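Colleague: I have some questions about the labels used for this model. Take me through them, please.

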Amino acid sequence: MPIPLVTSSNYLRQDLKEGLTQECKTLLSTVPIDKGWVATNLFQYQGFWHTATQLQGVLTCQQHFQAKPDDLLLITTPKSGTTWLKAVAFATVNRNRYSSSDHPLLTTNPHDLVPFLERKLFIDNQNPDLTSFTYPRLFSTHLPYVSLPKSVEQLGCKMVYLCRDPRDAFISLWHFTNKLRTQTLGTLSLEEAFERFCRGVCLYGPAWDHIMDYWKKSLERPENVFFLKFEEMKAQPSVQLKRLAEFFGCPFSKEEEKKGVVEEILKLCSFDHLSNLNVNKTGKLSSGEENSTFFRKGEVGDWINHLTPQMIKKFEQITEEKFHGSGLQF
Ligand code: PAP
């Protein structure tokens, strides 16, 4: 069943109920607004789309998050392998703290181990106590480059940027959205989702602009921005994990490699292993989503099973237009 058409002022009033600051409310009443994929509207801020609650998180985080030079940021476009990257990064950075039998990943979803700055930390808690984080602090975000808190760039924090073929990220987002939609809202059709995704109207969209901004930064400042594709992680997981550990400043020693530490981490964080853990089959995130919604297929190229020839053509056109001359390909 399609979402009943509601005027944007009605929608806006609903969104404003959520305990936002006056600054955020004022902003919401001036920026472009469009229909969201689940229940609430999307608002465009600094060129990218957010829900009202999320926008509050973005503002608070921009104003209050003070980076430290050693912070490590895991940055992704939604549905590009965030859960996987969080698991792998957490396991790598903390590999001397836990054994395989008492590892936190066995009982905690990666999203609760590496919180989102603008969602978990600065929405739930206006002034989170970040001192309890172990060193180095690992944070994640879906924020586009333009919206990152200034101290991240000023201090030269290391950022890993993981993205994915927009066709697969789109299909993954569409499935995820339909898991979150209530019976009353009904299913969001592939056609409608496609139309919105292509216009860039989706969480943190346009996906192509998000990717391109970090791609450019990674070319300008490779020592700060490590650019990685989901497809590269799938094709050569141990090569990419070793590069990642080097970038983090904690490369695997020859002895660790001989002992199979790289493979152990990859096995611990593999789709099959994580998705079959009790916590990920039945548990919920502290923010409410069921952990199982973050695991579907974890494969490359599932778009071929969903997109029509016309949709494929449209994707090609947009990708050509947005990535033209950049050297970036999927
Ligand atoms: P988020 O951006 O909302 O945090 P994210 O983890 O990026 O979510 O998206 C989930 C996708 O990653 C799913 O892709 P799919 O829909 O195409 O299947 C999910 O299956 C995949 N995924 C989750 N964990 C892993 C993993 N360990 N290895 C590979 N893919 C994974």
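Modeller: Start with the overall size. The protein chain has 330 residues and a radius of gyration of 20 Å. That agrees with the value near 20 Å for a compact globule of this length. The radius is taken over C-alpha atoms, and the globule rule is 2.2 Å times the number of residues to the power 0.38.

Colleague: What kind of model is it, and what is counted?

Modeller: It is a predicted model: local features need pLDDT of at least 70, side-chain atom pairs count only at pLDDT 80 or more, and totals for chains, interfaces and linings use all residues. Residues are numbered from 1 along each chain as its sequence is written, and side-chain values use heavy atoms, with hydrogens and water left out.

Colleague: How many helices and strands are in the protein chain?

Modeller: The protein chain has 17 helices and seven strands. Both are DSSP runs numbered from the N terminus: helices are H or I with at least four residues, strands E with at least two.

Colleague: Why is Gln240 called buried?

Modeller: Its relative accessible area is 4%. Buried means under 20%, exposed over 50%, partly exposed in between (1.4 Å probe, protein chains only). So Gln240 is buried. Gln240 lies in helix α12 (residues 237-248). Leaving aside neighbours within four places in sequence, Gln240 is in contact (heavy atoms within 4.5 Å) with Leu228, Glu232 and Met233. Across the protein chain, buried residues make up 53% of the 330.

Colleague: What makes α9 roughly parallel to α17?

Modeller: The axes of α9 (residues 190-199) and α17 (residues 309-323) cross at roughly 10° and come within 11 Å. Axes are lines fitted to C-alpha atoms, for helices over the stretch in contact, and angles run from 0 to 180 degrees between N-to-C directions. Under 35 degrees counts as roughly parallel, over 145 as roughly antiparallel, 65 to 115 as roughly perpendicular and the rest as oblique. So α9 is roughly parallel to α17. Residues making the contact include Phe194 and Phe197 of α9 and Phe315 and Ile318 of α17.

Colleague: How do you know that α10 and α17 are roughly parallel?

Modeller: The axes of α10 (residues 207-220) and α17 cross at roughly 30° and come within 10 Å. Therefore α10 and α17 are roughly parallel to each other. Among the residues that meet are Trp208 and Ile211 in α10 and Phe315 and Phe323 in α17.
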